[in-house]
Amino acid sequence: MAYIPKDEFYKTRVAESFARQAFMKTIGASLLTVEPGNCVIEVPFSPELTQQHGFFHAGVVSTLADNSAGYAAFSLMHADSSILTVEFKLNLLTPAEGERLIARAEVLKYGKTLTVCRSDVFVIKNGVEKLCAAAQSTLIELRNTADQ
């Protein structure tokens with residue numbers, strides 16, 4: 001679906017918000033793409049991000065699903081807005097074993113207050129991409145209405 005952002009500087013606003021997230025730096029995440037209603041985030045493998053079997057920890061997988069959905073939604077919002085996740089459901093489909101994770105999110109429904117997104121998280125191993133998780137998220141747009 002083609003969406004029109006309410007802020008012409010949405011890419012800068014998203015990138016600045018992403019840069020303020022210390023946890024994204026901690027896990028080595030990179031913001032790869034932001035387009036109206038879409039976002040792609042990547043994390044390279046690191047032993048510090050694994051669980052007991054050596055796979056990416058589900059917490060890292062869910063963080064990517066959550067953040068990619070959040071920034072897909074945020075790309076459509078007003079310049080004076082902030083965003084919070086209201087809820088999300090994550091299905092872990094296969095162990096996240098590989099060299100990197102890529103989360104791709106898209107807005108399914110942009111609303112006046114609530115936005116629903118889908119995120120797919122892929123693990124890349126030996127050049128092959130495999131879907132390892134799927135999420136659906138609801139996000140809320142918080143407006144700074146002090147000046148209105």
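**Exercise 1.** Over the ring of which residue does the charged end of arginine 13 sit?

*Solution.* Start with the ground rules. The model is predicted: local features need pLDDT of at least 70, side-chain atom pairs count only at pLDDT 80 or more, and totals for chains, interfaces and linings use all residues. Residues are numbered from 1 along each chain as its sequence is written, and side-chain values use heavy atoms, without hydrogens and water.

Next, the criterion. A charge sits over a ring if NZ of Lys or CZ of Arg is within 6 Å of the ring centre and within 35 degrees of the ring normal. The charged end of arginine 13 meets this over phenylalanine 74, 4.3 Å from the ring centre. Arginine 104 does likewise over phenylalanine 122, at 4.9 Å from the centre.

**Exercise 2.** Count the aromatic pairs and classify that of phenylalanine 45 and phenylalanine 56.

*Solution.* Rings of Phe, Tyr and Trp (its six-membered ring) pair if their centres lie within 6.5 Å; planes under 30 degrees apart are stacked, over 60 edge-to-face, the rest tilted. The count is three aromatic pairs. Phenylalanine 45 and phenylalanine 56 lie 5.5 Å apart, centre to centre, with 85 degrees between the planes: edge-to-face. Both sit in the loop between strand E2 (38-44) and helix H3 (58-74), 11 residues apart. Helices (H or I, at least four residues) and strands (E, at least two) are DSSP runs, numbered from the N terminus.

Now check burial. Buried means under 20% relative accessible area, exposed over 50%, partly exposed in between (1.4 Å probe, protein chains only). Phenylalanine 45 is partly exposed at 36%. Phenylalanine 56 is buried at 3%.

Finally, ring pairs also link Phe18, Tyr71 and Phe74 into a cluster.

**Exercise 3.** Is asparagine 126 buried or exposed?

*Solution.* Locate asparagine 126 first: the loop between E5 and E6. Its phi is near 55 degrees, a positive value in a residue other than glycine. Asparagine 126 has a relative accessible area of 65%, so it is exposed.
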